[in-house]
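Here are my notes on this model, as numbered points. Please read them with the structure open.

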Amino acid sequence: MTPAQAHPTPGAAGWSDGAFTNPVLAGLHPDPSVCRVGDDYYLACSSFEYFPGVPIFHSRDLVHWEQIGNVLDRPGQLVLPATMPSSAGIYAPTLRHHAGRFWLVVTNCAEGGGNLICTATDPAGDWSDPVRLPGVAGIDPDLAWDDDGTCWCTYAGIEQVRIDPHTGRTLGPPRRLWSGAPGAQAPEAPHLYRIGGYWYLLIAEGGTERGHAVSIARSTAPDGPYEPCPANPVLTHRGTNRPIQNTGHADLVEAADGTWWMVLLGVRPGGGTPGWHVLGRETFLAPVTWVDDWPVVGAVEPVMPAPSWPARPVPPPPVRDDFDADGLHPRWVSVRSRPAGSWSLTEQPGWLTLRARGASLDEPDVTFVGRRQQHLSCRVRTLVDATGGRGGLAVRLDERHHYGIEAGDGGVRLLARIGSVLSTVATRPVAPGPVRLRVDVVSPSPGDWHPAKEPDVLRFGIEAADGAYDVLGELDGRYLSTEVAGGFTGRVVGMYAGAGSVRFDWFDYVPGDAGDADGPPPAGAGPAR
Ligand code: 6LW
């Protein structure tokens, strides 16, 4: 049996029969940066307008990742003002372990932000307050240390400056190191490594869309001069019909057994032409070999040969949150901020209470608690009591692209915002009290293709206690894709309050659905109450 036959379920991260499935971190997890300490790997990603910022993951096999926290999880560490557009905010961290500490350097693209460094001894947190780098004038910062303790900060351009990472001061003027291939746009995402006798400068170029690529250069000194690899780009999927596109923005890691691996971002476009990706840019894994002291990376596929060490799976994320814990799991994110007073797990114990600020999902300060959509198909439900206001279940791309089914004022409404058009798709009167709202995201079967075919459909409705599903409307998923909305993010699905206070008893997210490659939801995954 070939690996492809053994793994007919791309998207469901896993590992068996000598192969693993990509992506290893599905959904909105771009710009991955990875480091290893002993047998443990840690990985961080961009988070844009979402709070808390910079999700951080742990793995013992590079394939199975568990979120252990967020680097920027205190309001004092991260200010994302309401004036900040979606897809601004937190971009492209670099995560390194040096001198007994974890170091994370990242750009906050919000006004008044800039580049910052946080440190921690335990990557699960607490992370320090940020140290600002006012002299580093570019996105995508990287940190690398020389043997004599010199710290090099290299950033998009590609430029480099020596810094004191403890104070954030620059030590000398910035210098241009390399611009990638002549004429290629956006040399960015640099990472600098000392490997054997060389310093290697890994970059992304060509833009983060279909032209995205990874290139590399080397030098005997960290500040150059750099010699480009004759085989550049060492990775690109541009112009191919591979299922994974936009491959780029990579980081390298040496495993404990001496093998080398690359984490990178990519997308999985669906539907007809031009192909719409709806989950954002995701994190993929690929093996790296070395030939003549240059790295060689093959194509990045949904199914890849597994590492030679044993799989170390992590507990699958729970399907359901009953809001019985003292706090919210780190996977829950809010839009720009989550101020005290806008949410509570104690006001009605066992329920998440959300109190409205912005009046709707169109507002930058909407009270929203959601999680990344991580599967091409999934079923999401929540039990909402909107007696004290108005709110419900939303699938969000940004303020101008979202679908929501909301309860309140004696009814349930399905609302669709696509650009400047807001439409009430359907309404139903409902009896006062809790109501179960549901959305099924359904991706078409592979044979069901035509040039303008949508990437998926979203079916919103009300679920009765016996499971009967009253569908209010079925909406085309392309309008909640990056190709339509623009920007750097992907879908987030969650709960929101548009008026007053709205309570949520539970929320469940079941990967897959009838007809989906991810398989049907497990039996008994439905709520008992
Ligand atoms: C990030 C840049 C990029 O700063 O997209 O794909 C930007 N690469 O390196 C935002 O994620």
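1. The side chains of Asn70 and Gln67 are joined by a polar contact of 3.3 Å. (A polar contact is a pair of N or O atoms within 3.5 Å; within protein, one must be able to donate a hydrogen and the other to accept it, and residues adjacent in sequence count only if both atoms are side-chain atoms.) The Asn70 side chain also reaches the backbone oxygen of Pro330, at 3.0 Å.

2. A word on the basis: this is a predicted model, where local features need pLDDT of at least 70, side-chain atom pairs count only at pLDDT 80 or more, and totals for chains, interfaces and linings use all residues. Residues are numbered from 1 along each chain as its sequence is written, and side-chain values use heavy atoms, with hydrogens and water left out.

3. Asn70 sits in strand E7, residues 66–72. (Strands, E, are DSSP runs of at least two residues, numbered from the N terminus.) Asn70 is buried, at 5% relative accessible area. (Buried means under 20% relative accessible area, with a 1.4 Å probe and protein chains only.) Leaving out residues up to four places away in sequence, Asn70 touches Pro52, Gly53, Val54, Pro55, Ile56, Trp127 and Pro330. (Contact means heavy atoms within 4.5 Å.)

4. Glu463 is buried, with a relative accessible area of 5%. Beyond four places in sequence, Glu463 touches Arg381, Arg436, Arg438 and Ala468.

5. The disulfide count is zero, taking a disulfide as a pair of cysteine sulfur atoms within 2.5 Å. For Cys35, the nearest cysteine sulfur is that of Cys45, 13 Å away. Cys35 is buried, at 6% relative accessible area. For Cys153, the nearest cysteine sulfur belongs to Cys151, 7.0 Å away. Cys153 is buried too, at 0%.

6. The largest nonpolar core holds 41 residues. (A nonpolar core is a set of buried Ala, Val, Leu, Ile, Met, Phe, Trp, Tyr and Cys residues joined through side-chain atoms within 4.5 Å.) Phe20, Leu62, Trp65 and Met262 have the most contacts inside it. Strands that each supply at least two residues of this core include E4 (40–44), E16 (188–195), E21 (245–254) and E23 (282–291). E22 gives the largest share, five residues.

7. Trp65 deserves a look. Not counting residues up to four places away in sequence, Trp65 touches Val24, Leu25, Val34, Tyr41, Tyr42, Leu43, Phe57, His58, Ser59 and Val314.

8. How many cavities of 30 Å³ or more does a search of the whole structure find? Three. (A cavity is a set of points, on a 1 Å grid over the protein atoms alone, where a 1.4 Å probe fits but cannot get out; lining residues have an atom within 4 Å of a point. Grid points are joined across faces, edges and corners, and a volume is the space filled by probe spheres set on the points.) The largest cavity has a volume of about 50 Å³.

9. The lining of the largest cavity consists of Pro318, Val319, Arg320, Asp321, Arg331, Trp332, Arg371, Phe507 and Tyr509. Strands E26 (320–321) and E39 (492–511) each supply at least two residues of this lining.

Notes. Helices (H or I, at least four residues) and strands (E, at least two) are DSSP runs, numbered from the N terminus. Buried means under 20% relative accessible area, exposed over 50%, partly exposed in between (1.4 Å probe, protein chains only). On a 1 Å grid over the protein atoms alone, a cavity is a set of points where a 1.4 Å probe fits but cannot get out, and a pocket is an open set with protein on both sides within 12 Å along at least five of seven lines; lining residues have an atom within 4 Å of a point.
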